[in-house]
Amino acid sequence: MMNANTSVASSDTGARVKRGVIKALEYLALIFGSFVALLPIVSSFMTSFKSAEEYASSNAMTPPQNWLNFENYRQVWVEGDMLRAFLTSFGVVIVVVFVSVMMGSMLAYVLNRFAFPGNNLIRNLFMIATLIPGIAMQVTTYQIMRQMGLLNSIWGYMILMSGTDVISIYIFLQFFENLNVALDESAVLEGCTYFGVFFRILLPLTKPAIVTVAVLKGVGVYNEYYNANLYLQSNSWRTISTALYSFSGPFKSSYNIICAGVLLTLIPSLLIFLFFQKQVYAGLANGAVKG
């Protein structure tokens, strides 16, 4: 009996030690991940307050001598014409997000609620599209944009960025699958059209999905550089990303000024994400569970 109790106690102790080790490793992994994510931001923040001479004579993690040195922010704002870049980027984001949300939700509604020949084929084609690198289609896309006269056109850039977003479609698809079809049937029996069912009943219920898609798509478009640099080569339509890249000319070695510009562009997307983070997490979690 004594040996049995000793064996049980030893087993419990071993289990507690194992759980403690696993939890310690989890915390270490979280601390390491946080360190890796925050290190560039902290380094850029401290560098943005340094003068050119101070930056050249110190390393990236050395605190600045004067935390009130906002000259770098003034230069990046005035000489980089950041106000115009912000307005251009915000205008593009608003239009692209609206079009993407409407297109993604409508396509998902049709694919989920209506059975027709080719439904599964379309879904599979969307899945295949996610496997094709976007850069591989740029030659064809550029030729189409040039033939349509949409180069150096802000409207052409908006149309290009508003293209079908496969991730958005699948997020909406998961939400529609969680909504009971009885809602549609009841509305139709009351005389509601399919458009009424979508706009009046289903779309308001997908608010978490709308916020999730809007934040993900908006941040992606806000930070997008390749297409903006390729299709908006005129200085009149510089976005945030291309405005930052312009500092690689006369400010090529002035990383203190570049860091100030990076932090300025980070603030809007960070605030939006912090404000809508609950909706984003809810959208991703609810869209991942079929009920």
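**Close-up views of a predicted model**

**Figure 1. A salt bridge joins the side chains of D184 and R113.** In this pair the N to O distance is 2.9 Å; a salt bridge is counted where a side-chain nitrogen of Lys or Arg lies within 4 Å of a carboxyl oxygen of Asp or Glu. The pair links distant parts of the chain, with D184 in helix α9 (residues 181-189) and R113 in helix α4, 71 residues apart. Helices are DSSP runs (H or I, at least four residues), numbered from the N terminus. Both D184 and R113 are buried, a term that stands for under 20% relative accessible area, with exposed meaning over 50% and partly exposed the range in between (1.4 Å probe, protein chains only). The model is predicted, and local features require pLDDT of at least 70, side-chain atom pairs count only at pLDDT 80 or more, and totals for chains, interfaces and linings use all residues. Residues are numbered from 1 along each chain as its sequence is written, and side-chain values use heavy atoms, with hydrogens and water left out.

**Figure 2. R123 and E177 form a salt bridge between two helices.** The closest N and O atoms of this pair are 3.8 Å apart. E177 is partly exposed, at 26% relative accessibility. By the rule stated above, the structure has 4 salt bridges.

**Figure 3. F49 and Y73 form a tilted aromatic pair.** The structure holds 16 aromatic pairs. In the pair shown, F49 and Y73 lie 5.6 Å centre to centre, with 55° between the planes. Rings of Phe, Tyr and Trp (its six-membered ring) pair if their centres lie within 6.5 Å; planes under 30 degrees apart count as stacked, over 60 as edge-to-face and the rest as tilted. The pair links distant parts of the chain: F49 belongs to the loop between α1 (2-47) and α2 (52-56), whereas Y73 belongs to helix α3 (residues 71-78), 24 residues apart. F49 is buried, with a relative accessible area of 6%, and Y73 is buried at 15%.

**Figure 4. F176 and F198 form a tilted aromatic pair.** Their rings are 6.5 Å apart centre to centre, with 45° between the planes. F176 is placed in helix α8 (residues 166-178) and F198 in helix α10 (residues 194-205), so the pair ties together parts that are 22 residues apart in sequence. F176 is buried at 0% relative accessibility, and F198 is buried at 3%. Both rings belong to one aromatic cluster, formed by Y109, F114, F176, Y194, F198 and F199.

**Figure 5. G104 and K217 are buried residues in helices.** G104 is located in helix α4 and has 5% relative accessibility. Apart from its neighbours within four places in sequence, G104 is in contact (heavy atoms within 4.5 Å) with I169 and F172. G104 and D165 are 6.9 Å apart in space, C-alpha to C-alpha, and 61 residues apart in sequence. K217 is part of helix α11, and its relative accessible area is 13%. With neighbours within four places in sequence left aside, K217 is in contact with V96, V97, S100, M161, G163 and D165.

**Figure 6. The second largest pocket has a volume of about 190 Å³.** A pocket is an open set of points on a 1 Å grid over the protein atoms alone, where a 1.4 Å probe fits, with protein on both sides within 12 Å along at least five of seven lines; lining residues have an atom within 4 Å of a point. Grid points are joined across faces, edges and corners, and the volume is the space filled by probe spheres set on the points. The lining includes F90, V93, I94, Y222 and P268. Helices α4 (82-113), α11 (207-223) and α14 (255-275) each supply at least two lining residues, and α11 gives the most, with 5 residues. By class, the lining has 9 nonpolar, 2 polar and no charged residues; Ala, Val, Leu, Ile, Met, Phe, Trp, Tyr, Cys and Pro count as nonpolar, Asp, Glu, Lys and Arg as charged, and the others, Gly among them, as polar.
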